[in-house]
Amino acid sequence: MAAPALQSSFLLANLKADSATKPFLQRCQELVKVIDEYLAKDLQPVFPWLVESVFGSLDGVMVGWNLRLLQPRSSEYSVAMEFLDPSGPLMKLVYKLQAEEYKYEVPVSYLPGPVKASIQQGVLPDSPLFHNKLQFPLSGQLSLSLSLNPFEFYMFNFASCLIAPRSLPPGQIGSPSDSAYFVLVDTYLKHFLPTEGSVPPYPFLDARGTVSPPAPRSPSMQFTGYGSHGSSLLKRHISHQPSVNADPAAQEIWRSETLLQVFVEIWLHHYSLEMYQKLQSPQVKEPFSPTEDHVLVVRLLVKHLHAFSNSLKPEQVSSSPSAHSHASPLEEFKRVVVPRFVQQKLYVFLQHCFGHWPLDASFRAVLETWLSYIQPWRYTSEKSNPSGDSHSRTVPEKWASFVQENLLMYSKLFQGFLNRAVRTDLVNTKNALMVFRVAKVFAQPNLPDMIQKAEQLFLEPEHVLHHRQHREFLTPSHGGSFLSSRQPAEADAVFKVKSHVYSLEGQDCQYKQMFGSELRNVVLKLVQIIAQARQTAKRISDHSAEAAANQSFLSWFGIGSQDLNSTYAAGEPDDTGECVRKTHEFLDRALEFLCEIFRLNTGQVAQLVANLSQAPNDLGSKQLPDCIQSENGPILTDLGRLQIINGLRRFDIEYQGDLELQPIRSYENAVLVRLLFRVASVLNERFSSHMEALCSRRDLLGRLGRYYLTSPCERQQKSPVTRRFTERQWRPRLSLRTLASYRTLFGLVLLYMLGALLSFGPLSSTAFLLVSFFLHGLFMTLFGNKLKTH
């Protein structure tokens with residue numbers, strides 16, 4: 001036994017040395033030869049290192065091939081994709097090791113939080129993925145671990161590659177959907193969860209012509225853990241893993257189940273249902289925060305699972321036992337894949353994202369994942385009216401059962417979106433687009449009626465349901481009428497809706513109706529905010545155009561406004577021109593769709609929009625947001641917050657301290673700033689008493705002195721400040737800092753050059769400037785207040 005072990009160690013050492021010195025293409029070519037030529041016993045110790053070198057370490061220290069950043073333009077892209085293909089060399093190694101039933105350990109510490117906590121508390125996780133795999137620590141070991149077969153180990157590391165902490169290099173450019181990792185996820189899903197045909201057989205077989213599946217689970221262990229649907233309908237094929245001589249179709253299904261279980265557990269199971277039910281609050285902080293790339297991959301999973309489930313043969317769609325008594329394992333898998341494997345964990349995952357995701361445009365990834373899940377009819381083979389507007393397509397009645405069994409996905413998450421929307425800057429085009437997208441989806445013909453019908457079924461009293469069950473479960477042959485056959489179906493629908501809600505929200509949940517009065521008030525509030533944002537976008541566009549027209553070359557000479565703090569900051573830089581037009585379009589359509597969904601009075605909504613359009617322009621009037629004055633200054637009210645969010649009003653934020661001591665600006669010469677400050681400080685200290693006496697006078701000379709010597713902070717206070725700060729008295733003083741500005745210096749040089757051209761000497765030009773400066777001050781002293789009033 002020493003010789004094979006020595007050979008394996010030598011092989012692993014050579015591969016590690018080559019990985020540090022040889023080019024990527026050459027390394028992959030040599031790995032292909034090693035996988036083809038060596039036996040499984042020699043490759044067994046190489047496999048963990050190879051998986052880690054490709055996908056990175058679970059702790060994030062090693063980045064591996066960095067598949068999340070590998071783009072098609074890279075020369076390594078095609079080589080990596082070929083090596084990691086489901087029929088590629090690395091998967092061949094997986095199947096070769098699978099045939100020998102090797103096991104590989106993964107520490108429990110790398111599992112998602114709820115799974116890890118469950119195991120550490122001595123409770124077996126509900127997912128069958130972890131059953132019969134727990135390895136208790138031996139002497140000298142400190143942690144528990146899972147014993148996984150090669151296929152499970154490979155998929156576990158592949159899935160963990162998405163969420164493992166990584167120190168990614170900055171400046172990476174490329175779309176996440178074009179990355180090698182995203183394309184591989186799509187490839188694996190299509191290969192192991194095919195929408196057409198069956199799961200491809202093993203492309204590589206050992207000498208016996210078979211590959212052993214995982215060891216069977218205990219016959220007493222039921223397939224529970226994906227909702228409250230009782231024992232698994234797949235128990236006949238999946239719960240009891242087949243032997244090598246079993247039906248090939250049944251033998252192949254375990255790979256599909258394993259892949260899906262790994263993806264769901266690693267990508268979605270980061271928030272426990274128990275914690276969600278106990279602490280449904282945005283203030284609750286959990287250790288895991290998904291990234292935008294993570295959510296995009298989850299959306300890809302959701303879309304493919306809908307397509308996979310919708311590819312079920314028509315004769316197998318019925319839920320009656322006779323309809324699928326002879327169905328293949330794959331067909332049975334399609335029937336239950338969404339409700340049993342995905343629904344619960346995806347709901348909690350989305351709830352957490354809705355409550356904790358930042359209020360910015362990156363929420364679009366979460367939003368589209370949610371919208372993809374609640375529209376399974378988009379992922380069917382039926383392509384009716386492909387060129388028409390999807391909004392005009394009526395949702396088929398056959399999807400009513402899906403809406404009922406996923407009621408919270410529609411109603412509860414819609415409420416969560418409303419809570420975000422009323423706190424979002426809808427002047428931003430990207431945020432307006434999100435509101436439009438949600439309103440458009442929920443306004444699809446027949447969908448609001450389906451949701452309302454599902455809510456009515458959930459609110460059906462229990463005693464009425466039992467009464468109907470006992471009274472009307474009679475067939476015509478037993479004395480019942482032919483019309484009574486609808487009652488058992490309705491009772492079954494009531495049971496499914498209640499089971500769905502209670503399993504996710506708990507038995508004592510207080511359900512808020514999507515079409516109830518409370519939510520209707522929130523919708524009306526959103527309608528008002530949309531109308532305000534629509535009008536604000538127009539005002540921002542007009543304000544930006546006016547400000548651009550006022551800019552001229554004369555501003556270099558100090559004639560233009562020098563108040564850098566007065567620049568309008570509402571919205572984003574791109575919210576002008578074409579973006580404003582799109583914002584108008586999105587908000588207008590969103591208003592139309594909301595009126596359709598909740599049957600709002602379109603006349604009242606139109607009148608509200610018209611009233612806002614006739615309101616005074618707050619941007620021009622410089623009105624402050626609605627606030628309450630307190631000892632420490634103004635405190636914003638809820639109305640004031642909405643005014644700021646939507647750009648209706650704002651505070652003029654500017655520097656309120658000593659202007660002589662503010663940081664040196666980029667448009668100032670640092671040496672001159674410091675030099676002129678010292679000169680001004682000497683003059684102010686020596687003549688301070690004379691300055692105070694001059695500014696205290698009531699005549700014209702005193703007013704002129706106050707204009708030149710009083711700090712601008714005392715003359716003009718725009719920002720909200722505390723009373724204590726307002727009551728501070730600034731002593732009159734001379735400020736020379738303006739002379740350190742590059743703009744001022746450039747203007748002086750131009751004026752001296754102009755004086756030289758007109759035959760003025762330096763002294764004459766200086767005298768002219770001083771006289772002009774004095775006359776300007778005199779004019780502002782006499783007529784400044786009248787100009788401000790005008």
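Trainee: Where is the place of N66?

Mentor: N66 lies in the loop between α4 (46-55) and α5 (77-83). Keep in mind that this is a predicted model.

Trainee: What is phi of N66 near?

Mentor: Start with the general idea. Most residues other than glycine have a negative phi. Now the case here. N66 is not a glycine, yet its phi is positive, near 55 degrees. N132 is also a residue with a positive phi, about 60 degrees, and it is not a glycine.

Trainee: In which loop is N132 found?

Mentor: Look between α7 (113-120) and β2 (134-135).

Trainee: Is N132 buried or exposed?

Mentor: Exposed means over 50% relative accessible area. N132 has 55% relative accessibility, so N132 counts as exposed.

Trainee: Now a helix. How far apart are the end C-alpha atoms of α2?

Mentor: Take 1.5 Å a residue as the guide.

Trainee: Which residues of α2 are buried?

Mentor: They are F24, R27, C28, L31, V34 and I35. These residues cover an arc of only 120 degrees around the axis, so they sit on the same side of α2.

Trainee: Which exposed residues does the face turned away from the buried side of α2 carry?

Mentor: That face carries K33 and E37.

Trainee: What is N684 in contact with?

Mentor: Set aside its neighbours within four places in sequence. Then N684 is in contact with M691, R733 and L734.

Trainee: And the surface? Which residues make the nonpolar patch of about 520 Å²?

Mentor: L751, L754, L757, L758 and F760 make that patch. Take L757, in helix α32 (residues 742-757). L757 counts as exposed because its relative accessibility is 70%.

Trainee: Last, the whole chain. How many helices and strands are there?

Mentor: The chain has 33 helices and five strands. Of its 790 residues, 45% count as buried. The accessible surface comes to about 41,000 Å², and 57% of that belongs to carbon and sulfur atoms. Now consider contacts between residues at least 6 apart in sequence. Of these, 78% join residues at least 24 apart.

Key: Residues numbered from 1 in each chain as written. Predicted model: local features only at pLDDT ≥ 70, side-chain atom pairs only at ≥ 80, totals over all residues. Heavy atoms only, no water. Patch = residues over 30% accessible without salt bridge, like charges linked within 9 Å, V, L, I, M, F, W, Y side chains within 5 Å. Areas by Shrake-Rupley, 256 points an atom, 1.4 Å probe, with all protein chains shown as cover. Salt bridge = Lys/Arg side-chain N within 4 Å of Asp/Glu carboxyl O. Helix = DSSP H or I, 4+ residues; strand = E, 2+ residues; numbered from the N terminus. Buried < 20%, exposed > 50% of the residue type's maximum accessible area, 1.4 Å probe, protein only. Contact = heavy atoms within 4.5 Å. Expected span 1.5 Å × (residues − 1). Arc of directions from axis to C-beta.
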